[in-house]
Amino acid sequence: MMSFEHRDCPGCGEAVSRPSVVMESSPRAEDLTFAELKEYWRGFRSKNIFFTYARCTQCGLVYCPTYFSSEQLTDLYSSMEDNTAGEKLDVLNDTQRSYVDILASKTEVSGDWLELGGDIGLLTKHLFDLPNVKNVSVIEPNIDVHPDLLKLIDGRGTTAANWSGLSPTERFNGIVGVHVLDHLLDLSGELDRIRTCLNSGGSAFFVTHDESSLLRKFLKAKWPPFCLQHPQLFSPKSIANVLEHKGFGSVNVTKTYNKFTLRHIAEVATNVMGFGSPIVKLIPPVAIRLKLGNIATVSRLNS
């Protein structure tokens with residue numbers, strides 16, 4: 001039987017013997033086997049199973065003190081599809097463009113940039129649309145999408161499956177990561193990597209779920225970001241604390257909008273609440289903008 005790992009706070013390193021529980025599922029993921037949890041790794045369902053979330057008393061980060069090992073995560077992510085979740089690409093594209101608009105309104109976007117978790121390149125394309133961007137390199141673990149990314153980048157950057165695919169001496173003016181920090185097993189180590197590959201005064205831009213949102217408080221354990229894929233979840237306060245702990249300053253947090261079709265929203269909602277219905281197919285695929293409890297954070301590396 002593959003055992004799970006026990007973790008100190010991945011944001012500030014605080015070790016807590018008796019964590020303050022924020023949310024737990026029934027049954028708890030830590031009480032099941034790895035083989036049983038594979039069934040709950042992907043998708044939306046009424047029976048939501050996840051590792052217990054606790055709040056760090058030092059930095060306020062919500063995280064799982066017990067979680068998968070790196071080997072288990074490699075196994076789970078090896079069979080992942082892309083992140084479109086069945087939504088229309090033109091609708092998802094509008095959301096990604098809105099993230100770049102937020103970034104460009106908060107900091108100068110020029111020179112060489114690095115994107116973490118580029119997926120199929122929707123946000124990458126919008127970065128290239130900015131007139132002062134020279135190159136965009138992308139780290140994307142899913143090598144199946146690399147041919148499309150290479151075509152999009154067209155020699156103006158590098159596509160890599162992990163950090164080792166980049167030159168160790170390469171430096172960037174900025175780094176972006178949309179729903180990346182929520183997934184990192186070694187959050188502290190990854191932020192160290194980000195810091196060392198940024199130019200002095202370089203910018204970092206992250207989109208994350210907001211565990212302090214009204215939607216989270218309303219849905220409680222049925223809030224979709226409470227899931228096996230997220231070893232930690234942020235709030236405006238905790239992400240600022242974690243970034244400042246890692247040498248970043250000028251932290252600015254903005255609530256974001258997501259664009260989805262009514263049909264997709266209905267499909268997710270009925271799956272989560274447990275009353276799926278064929279009537280959902282009759283709902284028109286009209287796109288709307290909603291605040292779904294996400295936040296965009298822009299910060300700058302202290303000189």
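Accessible areas here come from the Shrake-Rupley method with a 1.4 Å probe, and for residues only the protein chains shown count as cover. On that basis the chain exposes about 14,500 Å², with carbon and sulfur atoms supplying 52% of it. Before going further, keep in mind that this is a predicted model, where local features need pLDDT of at least 70 and side-chain atom pairs count only at pLDDT 80 or more, while totals for chains, interfaces and linings use all residues. Residues are numbered from 1 along each chain as its sequence is written, and side-chain values use heavy atoms, with hydrogens and water left out.

Now the overall layout. Taking helices (H or I, at least four residues) and strands (E, at least two) as DSSP runs numbered from the N terminus, the chain has 9 helices and 15 strands. Of its 303 residues, 49% are buried, where buried means under 20% relative accessible area, exposed over 50%, and partly exposed in between (1.4 Å probe, protein chains only). Count a contact as heavy atoms within 4.5 Å, and among contacts with a separation of 6 or more, 74% join residues 24 or more positions apart.

Next, the sheet. Two strands pair if DSSP finds at least two bridges between them. An open sheet of 7 strands runs in the order E8-E7-E6-E9-E10-E15-E12, with mixed pairing. Its edge strands, E8 (159–160) and E12 (248–255), each pair on one side only. Helix H4 lies across E6, E7 and E9, running at about 165 degrees to E7. For both angles, axes are lines fitted to C-alpha atoms, for helices over the stretch in contact, and the angles run from 0 to 180 degrees between N-to-C directions.

What about the inside? A nonpolar core is a set of buried Ala, Val, Leu, Ile, Met, Phe, Trp, Tyr and Cys residues joined through side-chain atoms within 4.5 Å. The largest one has 29 residues, and those with the most contacts inside it are Leu114, Leu116, Trp163, Leu181, Leu187, Leu191 and Ile194. Strands E6 (111–116), E9 (172–178) and E10 (198–209), plus helices H6 (187–196) and H8 (236–245), are the elements giving it two or more residues. Zoom in on Trp163: leaving aside neighbours within four places in sequence, Trp163 is in contact with Leu114, Leu116, Ile139, Glu190, Arg193, Ile194 and Cys197.

Finally, the charges. With a salt bridge defined as a side-chain nitrogen of Lys or Arg within 4 Å of a carboxyl oxygen of Asp or Glu, the count comes to 11. One of them joins Lys38 and Asp75 (3.3 Å, N to O). Lys38 sits in the loop between helix H1 (34–37) and strand E3 (53–55) and Asp75 in helix H2 (residues 70–77), so this pair ties together parts 37 residues apart in sequence. Lys38 is partly exposed at 41% relative accessibility, and so is Asp75 at 32%. Asp129 and Lys125 also form a salt bridge, their closest N and O atoms being 3.6 Å apart; both lie in helix H4 (residues 122–129), 4 residues apart, about one turn of the helix. For Arg216 and Glu211, the closest N and O atoms of the salt bridge are 3.6 Å apart, and both residues are buried. Arg28, Glu30 and Asp31 are linked in a network of salt bridges.
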